[in-house]
Amino acid sequence: MRLDNMLLAEGVSGPEKGGGSAAAAAAAAASGGSSDNSIEHSDYRAKLTQIRQIYHTELEKYEQACNEFTTHVMNLLREQSRTRPISPKEIERMVGIIHRKFSSIQMQLKQSTCEAVMILRSRFLDARRKRRNFSKQATEILNEYFYSHLSNPYPSEEAKEELAKKCSITVSQVSNWFGNKRIRYKKNIGKFQEEANLYAAKTAVTAAHAVAAAVQNNQTNSPTTPNSGTYPARAIKHPEGQSVKEDPRWRPSEFGRAEEAAAP
DNA sequence: CTGTATGATTGTCG
DNA sequence: CGACAATCATACAG
């Protein structure tokens with residue numbers, strides 16, 4: 001009977017489902033551009049539907065065969081009842097035997113269906129097996145945060161949630177990403193120099209926005225500038241050799257911490 | 001097909 | 001529980 005519960009939980013033996021797909025569609029719509037996990041999820045559900053159909057048709061077949069066989073035996077017994085007395089008890093016993101036989105066959109069917117579902121799950125729901133890269137936009141956002149907090153790339157829980165929302169991934173994925181990024185950055189800083197410079201420049205531009213706004217607020221009237229709408233022409237200096245010489249041993253001390261609390 | 005990039009998992013430590 | 005390190009398994013580019 002555990003099998004029944006399992007199949008029910010997997011939606012194999014339950015009623016036809018339409019709500020699940022609606023929820024998935026809603027999630028996909030909410031996430032916007034990225035159809036990363038929803039595509040494979042729909043693939044998974046398609047396979048599950050297939051399994052369910054097979055299961056149902058087989059089950060029905062067995063049911064029918066059982067009924068046919070039962071009536072057949074009943075007819076035989078009725079035939080015999082003309083030559084010898086047949087007690088209702090005997091009939092009942094026969095029917096019981098037949099039903100037990102068929103139900104054991106059904107059990108086998110359930111078990112193999114169960115196995116199929118398990119295999120399907122391990123194949124499709126193990127994200128490690130079916131890895132998808134994040135969208136370009138998501139890595140953009142994550143990298144932006146990482147390099148603008150390079151001296152202390154440890155987003156708070158709140159920041160992680162924010163990033164997760166912006167990237168339409170989960171908080172765990174954000175944590176994973178930062179874990180991987182930190183270790184890999186530390187392991188080979190040279191390989192990330194280019195990227196670091198790139199994102200440093202990028203965030204410098206946004207920082208320049210803030211500075212420009214502040215300056216304007218103060219008094220200076222720059223010629224080209226009304227409010228926050230205009231892009232300040234690249235006045236960012238970009239040291240080629242060493243843009244990030246921050247000691248990347250984040251671990252024990254946080255001496256490089258206070259100076260850039262740039263979180264507007 | 002081969003090498004690298006990358007997201008996720010596992011085990012260890014504090 | 002979170003960070004780190006090693007590792008796995010796949011994606012993707014050449």
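Buried means under 20% relative accessible area, exposed over 50%, and partly exposed in between, with a 1.4 Å probe and protein chains only. These legends describe a predicted model, in which local features need pLDDT of at least 70, side-chain atom pairs count only at pLDDT 80 or more, and totals for chains, interfaces and linings use all residues. Residues are numbered from 1 along each chain as its sequence is written, chains are lettered from A and ligands numbered from 1 in the order in which they are written, and side-chain values use heavy atoms, with hydrogens and water left out.

**Figure 1. Overview of chain A, with eight helices and zero strands.** Helices (H or I, at least four residues) and strands (E, at least two) are DSSP runs, numbered from the N terminus. The order of elements from the N terminus is α-α-α-α-α-α-α-α. Of the 264 residues in chain A, 26% are buried. The accessible surface comes to about 18,600 Å², and carbon and sulfur atoms hold 53% of it. Such areas come from the Shrake-Rupley method with a 1.4 Å probe; for residues, only the protein chains shown count as cover. Among contacts (heavy atoms within 4.5 Å) with a separation of 6 or more, 75% join residues 24 or more positions apart.

Figure 2. An α-helix has 3.6 residues a turn, so residues three or four places apart point the same way.

**Figure 3. The packing of H5 against H6.** The two axes cross at roughly 155 degrees and come within 9 Å. H5 is thus roughly antiparallel to H6. Angles under 35 degrees count as roughly parallel, over 145 as roughly antiparallel, 65 to 115 as roughly perpendicular and the rest as oblique. Axes are lines fitted to C-alpha atoms, for helices over the stretch in contact, and angles run from 0 to 180 degrees between N-to-C directions. The H5–H6 crossing is right-handed. A crossing is right-handed if the near helix is turned clockwise from the far one by less than a right angle, and left-handed if anticlockwise. H5 contributes Ala138, Ile141, Leu142 and Tyr145. They meet Ala159, Leu163, Lys166 and Cys167 in H6.

**Figure 4. The packing of H6 against H7.** The axes of H6 and H7 are 8 Å apart, at an angle of about 105 degrees. The two helices are therefore roughly perpendicular to each other. On the H6 side stand Glu157, Lys160, Glu161, Leu163 and Ala164. Their partners in H7 are Val171, Val174, Ser175 and Phe178. Ser168 is in the loop between H6 and H7. This residue has a positive phi of about 50 degrees although it is not a glycine. Ser168 is partly exposed, at 29% relative accessible area.

**Figure 5. The packing of H5 against H7.** Here the axes lie 11 Å apart and the angle is about 55 degrees. H5 and H7 are therefore oblique to each other. Their crossing is right-handed. Leu142, Asn143, Tyr145, Phe146 and Tyr147 in H5 meet a set of H7 residues including Trp177, Arg182 and Tyr185.

**Figure 6. Leu142 and Asn143, two residues of H5.** Leu142 is buried, at 0% relative accessibility. Residues up to four places away in sequence aside, Leu142 touches Phe134, Leu163, Cys167, Ile169, Val174, Trp177 and Phe178. Between Leu142 and Trp177, the C-alpha to C-alpha distance is 8.1 Å, across 35 residues in sequence. Asn143 is also buried, with a relative accessible area of 5%. Beyond its neighbours within four places in sequence, Asn143 contacts Trp177, Lys181, Glu195 and Tyr199.

**Figure 7. Val12, in the loop between helix H1 (2–9) and helix H2 (19–31).** Val12 is buried, at 0% relative accessibility. Residues up to four places away in sequence aside, Val12 touches Leu7, Leu48, Arg52, Tyr55, His56, Thr113 and Val117. Val12 and Thr49 are 37 residues apart in sequence. Their C-alpha atoms are 7.5 Å apart in space.
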